[in-house]
Amino acid sequence: MTAVVLDSVSMSFNPGTTREVNALDGIDLSITEGEFVSLIGPSGCGKSTLLRLVANLVEPTEGRILVNGTSAEQARRDHTYGMAFQQAGLFDWRNVRRNVELPLELAGWDRGRRRERAEEMLALVKLDDFADHMPWQLSGGMQQRVAIARALATHPPLLLMDEPFGALDEMTREHMQAELLRIREATGSTIVFVTHSIPEAVYLSDRVVVMSPRPGRITRIVDIALTGDRDDDTREDQAFFAGITEVRESLRAVEGYQSHGGVDDR
């Protein structure tokens with residue numbers, strides 16, 4: 001079953017004015033249920049805009065978007081996706097459990113069901129012992145795990161992630177990547193993931209979508225040939241290095257890549 005379809009999607013901000021910005025042009029992309037797809041490209045190429053279009057936080061100028069078989073707007077109303085950003089975005093005046101409960105509260109769940117689901121999600125991200133802590137008492141990596149638990153609280157079939165590990169140190173980032181794959185295995189969620197890191201995209205993904213400078217277009221889709229469970233040994237696998245090389249060369253082939261800041265090669 002197809003989780004996300006983007007059909008000839010274009011996006012312009014302030015169309016018809018002197019401030020018009022063409023962010024995306026002619027995006028065609030289909031993502032299968034249960035697939036992990038990363039979006040990568042130069043800064044300003046429209047990766048985050050594309051994610052926000054899928055989330056129906058903005059409307060496309062042209063084209064059609066389907067999410068889990070319905071319009072993007074209906075998917076938003078039905079809470080059939082969760083979203084995590086670069087910053088965890090937790091509310092400092094709510095403890096960890098109540099932060100995870102927030103989308104359930106907005107959806108009208110009663111207190112008992114909210115608490116039960118929040119504790120289930122915190123156990124999934126291995127933070128059940130921290131339910132009563134305040135966000136400022138947690139490390140950056142722990143805060144991001146709370147944000148992921150919150151995004152998954154309604155058991156959405158689709159998870160949208162906009163550079164969720166970009167602000168973390170390298171060791172924490174690698175740990176969070178492994179945790180995300182474990183959570184994906186446990187939930188079966190489809191994941192669309194924005195990143196600037198080539199190794200991160202290759203380690204996590206089934207496919208990596210390479211985008212051009214603005215207006216963003218899909219220039220290539222790289223299939224990642226990693227097999228079996230992904231762990232620390234995966235990062236020493238020849239297939240991992242081959243995937244990094246293929247994505248890097250695809251990016252370097254993009255016109256204007258070097259002048260638009262490139263991406264993180266770590």
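**Interior packing and surface pockets of the predicted model**

Leu 158 is buried, with a relative accessible area of 0% (buried means under 20% relative accessible area, exposed over 50%, and partly exposed in between, with a 1.4 Å probe and protein chains only). This is a predicted model, in which local features need pLDDT of at least 70 and side-chain atom pairs count only at pLDDT 80 or more, while totals for chains, interfaces and linings use all residues. Residues are numbered from 1 along each chain as its sequence is written, and side-chain values use heavy atoms, with hydrogens and water left out.

Leaving aside residues up to four places away in sequence, Leu 158 touches Val 4, Val 54, Val 67, Asn 68, Thr 80, Tyr 81, Gly 82, Thr 190 and Val 192, where contact means heavy atoms within 4.5 Å. Thr 80 lies 78 residues from Leu 158 along the chain, yet their C-alpha atoms are separated by 6.6 Å.

Strand pairing comes next (two strands pair if DSSP finds at least two bridges between them). S1 (2–13) and S2 (21–32) run antiparallel and are joined by eight bridges, with Leu 29 of S2 as the bridge partner of Leu 6. S1 is also joined to strand S4 (residues 62–67) by five bridges, again antiparallel, and here Asp 7 has Arg 64 of S4 as its bridge partner.

Nonpolar side chains tend to be buried together in soluble globular proteins. In this model, the largest nonpolar core has 50 residues, and those with the most contacts inside it are Ile 40, Val 100, Leu 122, Met 161, Leu 180, Phe 193 and Val 247. Such a core is a set of buried Ala, Val, Leu, Ile, Met, Phe, Trp, Tyr and Cys residues joined through side-chain atoms within 4.5 Å. Helix H5 (residues 140–151) contributes the largest share of this core, six residues. A second, separate core of 30 residues includes Leu 6, Leu 51, Val 54 and Met 83.

On a 1 Å grid over the protein atoms alone, a cavity is a set of points where a 1.4 Å probe fits but cannot get out, whereas a pocket is an open set with protein on both sides within 12 Å along at least five of seven lines; lining residues have an atom within 4 Å of a point. Grid points are joined across faces, edges and corners, and a volume is the space filled by probe spheres set on the points. The lining of the largest cavity includes Leu 6, Leu 29, Val 54 and Val 192, and helix H1 gives the most to it, with three residues.

The largest pocket holds about 430 Å³ of space. Of its 17 lining residues, Tyr 81, Gly 82, Met 83, Pro 103 and Arg 150 lie nearest its centre. The lining divides into 10 nonpolar, five polar and two charged residues (Ala, Val, Leu, Ile, Met, Phe, Trp, Tyr, Cys and Pro count as nonpolar, Asp, Glu, Lys and Arg as charged, and the others, Gly among them, as polar). The second largest pocket, of about 300 Å³, has a lining of two nonpolar, one polar and seven charged residues, including Arg 182, Glu 185 and Asp 229.

Technical notes
Helix = DSSP H or I, 4+ residues; strand = E, 2+ residues; numbered from the N terminus.
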